[in-house]
Amino acid sequence: QGKCLRGRNVMQSASVPTYEQDCRYTSGGIQTCSQRQTGSRMEQRSVFQCTNWETIAYAAITVTSSGGVWRRDPVYAKDARLRLALEQGTRRQVAALIPDRATAEAPLLDRRKPYEVALEADNANALAALLDRGLGMSAADSYGNSMLYEAVRAGAGHCASLLVQRGANVDASGVFGDTPLIEASAKGRTDIIQLLLRHGADVNADNRYGETAPTAAARSGHTE
C-alpha cells in the first residue's frame, strides 16, 4: 500500500444484539426462518487510518467478547475512509467515494450526515464535492437547522462562504429562530458577519426571543 506518512487509531465500542434463528424447508423447497433476540454482546471496533492520500491504506478490525475472534470489517473500513476524506480530503478524493446523491445524503455509522462532518472540519472542498453530487441546499439536520446555520454555528467560515456562493438562503433560521447572522454576531465572527451582510442578510431579523443580530452581539460582549 506504500509508505504511511501519518496515521491514527480510532476505537468504538457498542452493544450489539445477538439472535437465535430457526429455519425450516417447506415441501416446495423454500426456506423460511424465524428469529428472536437472545441478548447482546459488547463489540469493539478498531480502525487504523493511514492518511497518506496518494497511497491510502485502511485496516478495520472487529473483536467480540464471545471468543475474542478478530475479523476484518469492510463496512466499518469504508465508513472510516469516508469520514477521513470528509475531514481532510480534496474535492476529487471525496467525489471518488460519493458516487451519487443518495450516498451524499446517507448518514454515516455514527449517524452524522456527510455534510455535518465536512462542516465540523470546515472542509469546503469536501462540501463542494457533496453539492456536486446533488446534495440539496435545503438539507437540514434532525432539528431543522439549515446547512448555512450549522456552518456558522460550527465556525466554518470557508464552508459558509461556499454555501453563500452556491445560493444558500442567508436568513434561513435555526430551531430557535436564530438566523446565521444572529449566530455569527453572538460568536463575534466579523468575517462571517461581513459575508452575510454583503449578500443581503436581514440585520433586523429576530429569533423567537426577540433577539436581533446587534442585541446578540451586545449580549455576548462583541461590540466591535
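V175 is found in the loop between α7 and α8. The model is predicted: local features need pLDDT of at least 70, side-chain atom pairs count only at pLDDT 80 or more, and totals for chains, interfaces and linings use all residues. Residues are numbered from 1 along each chain as its sequence is written, and side-chain values use heavy atoms, with hydrogens and water left out.

V175 is partly exposed, with a relative accessible area of 35%. Here buried means under 20% relative accessible area, exposed means over 50%, and partly exposed lies in between (1.4 Å probe, protein chains only). Apart from neighbours within four places in sequence, V175 is in contact with Y143, N145 and R208; contact means heavy atoms within 4.5 Å. N145 is 30 residues from V175 along the chain. The C-alpha atoms of the pair are separated by 5.8 Å.

The protein chain has 10 helices and four strands. Both are DSSP runs numbered from the N terminus: helices are H or I with at least four residues, strands E with at least two. The order from the N terminus is β-β-β-β-α-α-α-α-α-α-α-α-α-α. Of the 224 residues in the chain, 41% are buried. Among contacts with a separation of 6 or more, 59% join residues 24 or more positions apart.

The largest nonpolar core has 42 residues. Such a core is a set of buried Ala, Val, Leu, Ile, Met, Phe, Trp, Tyr and Cys residues joined through side-chain atoms within 4.5 Å. L127, L148 and L196 have the most contacts inside this core. Two or more residues each come from α1 (74–88), α4 (114–120), α5 (124–132), α6 (147–153), α7, α8 (180–187), α9 and α10 (213–219). The largest share, six residues, comes from α5. Beyond its neighbours within four places in sequence, L196 is in contact with L148, V164, V170, P180, L181, A184 and A201.

Helix α7 (residues 157–165) and helix α9 (residues 190–198) have axes that come within 10 Å and cross at roughly 5°. Helix α7 is therefore roughly parallel to α9, a term for angles under 35 degrees. Helix α7 contributes G157, A160, S161 and V164 to the contact, and α9 contributes I192, L195 and L196. By class, the contact has five nonpolar, two polar and no charged residues. Ala, Val, Leu, Ile, Met, Phe, Trp, Tyr, Cys and Pro count as nonpolar, Asp, Glu, Lys and Arg as charged, and the others, Gly among them, as polar.

How values were computed:
Axes fitted to C-alpha atoms, helices over the stretch in contact; angles between N-to-C directions. Parallel < 35°, antiparallel > 145°, perpendicular 65-115°, else oblique.
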